[in-house]
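Q: Could you go through this one with me, with the cut-offs spelled out as we go?
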Amino acid sequence: MNLNLDFAAIFERWPAFLEGALLTLQLAFIATLLGTVIGVLGAIGRRSSHPIIARICGVYVEAIRNTPLLVQIFLVYFGLASLGLKFSAFTVAAAALTINVGAYTTEIIRAGFDAIPRGQIEAAEGLALSRSQIYWHVVMLPAIEKVYPALTSQFVLLMLASSVTSQISAEELTAVANYIQSDTYRAFETYILVALVYIVLSLVMRAGFWLLGLVIFPRRRRLGTPL
Amino acid sequence: MHKITRTDTASSVVGLSNVHKSFGALKVLNGVSFEVNRGEVLVLIGRSGSGKSTALRCIDRFETIDSGEIVVCGHRVSDPKLDLRALRQDVGIVFQSYNLFPHLTIEENITLAPCSVKGISKVQAKEQARRVLAQVGLEDKLHQYPEQLSGGQQQRAAIARSLAMQPKVMLFDEVTSALDPELTGEVLKVIEALAADGMTMVMVTHEMGFARGIANRVVFMHHGKVHETGPAAILTSPATPELAQFVGTGL
């Protein structure tokens with residue numbers, strides 16, 4: 001066995017890796033932000049007493065969770081193209097990732113909503129708060145706090161899964177790696193480096209979510225106890 | 001047809017007449033009638049499953065009734081077109097399990113509804129929070145979270161939260177059942193002070209001694225009916241064998 005690693009040619013391309021990493025983070029950021037909005041609305045929809053709304057949200061979740069991400073990306077990519085709509089690969093990638101993660105966050109946030117004791121809602125109703133006020137002031141924050149670890153893992157997973165969007169040549173980290181390895185013939189070294197960069201990105205995201213948690217959960221910051 | 005009118009001038013604050021309610025095949029309320037006048041304290045007692053908590057919850061429309069009529073502060077509660085939020089602005093309710101919002105400080109718990117429902121300013125709401133907390137003896141807990149308080153303190157804070165909405169009638173649903181005797185005492189003192197201030201109240205309780213001291217009227221429920229009703233004296237000299245047996249074991 002003769003392992004011969006040469007990183008010199010790879011390191012030379014560091015600006016390309018950096019650009020790819022930033023694009024990956026951008027994709028993750030957009031999909032996390034929009035996915036959270038979809039997740040909250042989807043969870044409210046799934047719990048709606050309106051059967052059609054609940055049904056539509058349920059079908060969305062099941063359709064996404066039972067199909068591969070790559071197929072979803074192709075569906076968005078070719079779907080938009082066949083409608084004659086032209087978007088950049090980045091936009092298509094961001095849209096597909098958002099649609100994908102939205103379904104998972106819908107389920108996670110729904111679990112959080114379901115975990116709020118009935119008595120909390122009754123107390124809020126007894127104070128004459130409206131349904132939307134109850135969701136916003138009473139249910140939302142404790143629900144998110146309860147599922148925060150699951151939610152943030154999902155977003156880190158999404159960032160890692162965004163590598164699949166290299167298939168539609170979105171210029172994110174994996175696409176950059178594919179390009180560089182074919183240029184330098186140093187495939188193993190390239191993917192070792194890329195793996196390390198993904199680890200760094202994951203750690204950066206986790207640190208970010210930890211800091212965000214300190215901001216949005218003041219009770220937890222002060223008392224340090226789980227809800 | 002009945003017209004929906006607010007009859008604030010009448011002294012009756014809560015009125016139930018011939019109320020029926022079933023959960024599936026189980027008949028919980030079987031023709032319940034009683035009335036509470038302004039400034040009165042009505043105490044509902046009875047065995048578990050006698051329908052007293054259900055009767056109380058019907059007053060605030062946490063349960064809907066099958067037939068009969070309920071009028072609360074001029075709102076026809078039994079009307080399907082009832083303005084639920086208007087009713088609940090007039091009625092305060094306190095639960096056995098306090099149900100404070102755990103992610104909010106005591107102050108935020110208290111100011112939430114006045115700010116978002118009544119639209120009063122934050123400054124005004126905070127001032128009022130201080131006032132109602134002083135009323136229940138917790139002015140130093142303003143910035144604590146519910147979990148930092150004892151059960152009795154949490155229940156007093158829940159009462160303060162209700163008071164901040166300036167209800168015309170307060171409902172208490174077994175508010176001391178989760179507390180030990182010492183904590184029960186501090187909560188009951190707060191309720192006594194409210195009664196002395198002239199607050200109209202309906203309460204479900206198992207504290208017979210307390211009921212005797214505070215009730216203007218006692219309603220003893222049995223098998224979904226008002227089995228015996230009268231002044232607090234009926235607790236010491238019951239007319240029916242069922243109430244005699246109940247207070248005999250309850251005291």
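Q: Which residue does B:Glu40 form a salt bridge with?
A: B:Glu40 pairs with B:Arg217, with 3.4 Å between the closest N and O atoms; a salt bridge here is a side-chain nitrogen of Lys or Arg within 4 Å of a carboxyl oxygen of Asp or Glu. The pair links distant parts of the chain, 177 residues apart, since B:Glu40 sits in the loop between strand E2 (26-37) and strand E3 (41-46) of chain B and B:Arg217 in strand E9 (residues 217-222) of chain B. Helices (H or I, at least four residues) and strands (E, at least two) are DSSP runs, numbered from the N terminus.

Q: And what should I keep in mind about the model and the numbering?
A: This is a predicted model, in which local features need pLDDT of at least 70 and side-chain atom pairs count only at pLDDT 80 or more, while totals for chains, interfaces and linings use all residues. Residues are numbered from 1 along each chain as its sequence is written, chains are lettered from A and ligands numbered from 1 in the order in which they are written, and side-chain values use heavy atoms, with hydrogens and water left out.

Q: Is B:Glu40 buried or exposed?
A: B:Glu40 counts as buried because its relative accessibility is 15%, where buried means under 20% relative accessible area, exposed over 50% and partly exposed in between (1.4 Å probe, protein chains only).

Q: How many salt bridges are there over all chains?
A: The count comes to 19. One of them joins A:Arg13 and A:Asp183 at 2.4 Å, N to O, and ties together parts 170 residues apart in sequence, because A:Arg13 lies in the loop between H1 and H2 of chain A and A:Asp183 in helix H8 (residues 173-184) of chain A. A:Arg13 is partly exposed at 24%, and A:Asp183 is partly exposed at 40%.

Q: What about A:Glu145, which partner does it have?
A: A:Glu145 forms a salt bridge with A:Arg219, the closest N and O atoms being 2.8 Å apart. The two are 74 residues apart in sequence, with A:Glu145 in helix H7 of chain A and A:Arg219 in helix H10 (residues 218-223) of chain A, so the pair ties those parts together. A:Glu145 is buried with a relative accessible area of 5%, and A:Arg219 is buried at 1%.

Q: Switching to pockets, how much space lies in the largest one?
A: The largest pocket holds about 980 Å³. On a 1 Å grid over the protein atoms alone, a pocket is an open set of points where a 1.4 Å probe fits, with protein on both sides within 12 Å along at least five of seven lines, and lining residues have an atom within 4 Å of a point; the volume is the space filled by probe spheres set on the points, which are joined across faces, edges and corners.

Q: Which residues lie nearest its centre?
A: Of the 34 lining residues, those nearest the centre of the largest pocket are A:Trp136, A:Leu141, A:Ile144, A:Leu212 and A:Ile216. The largest share of the lining, nine residues, comes from H7(A).
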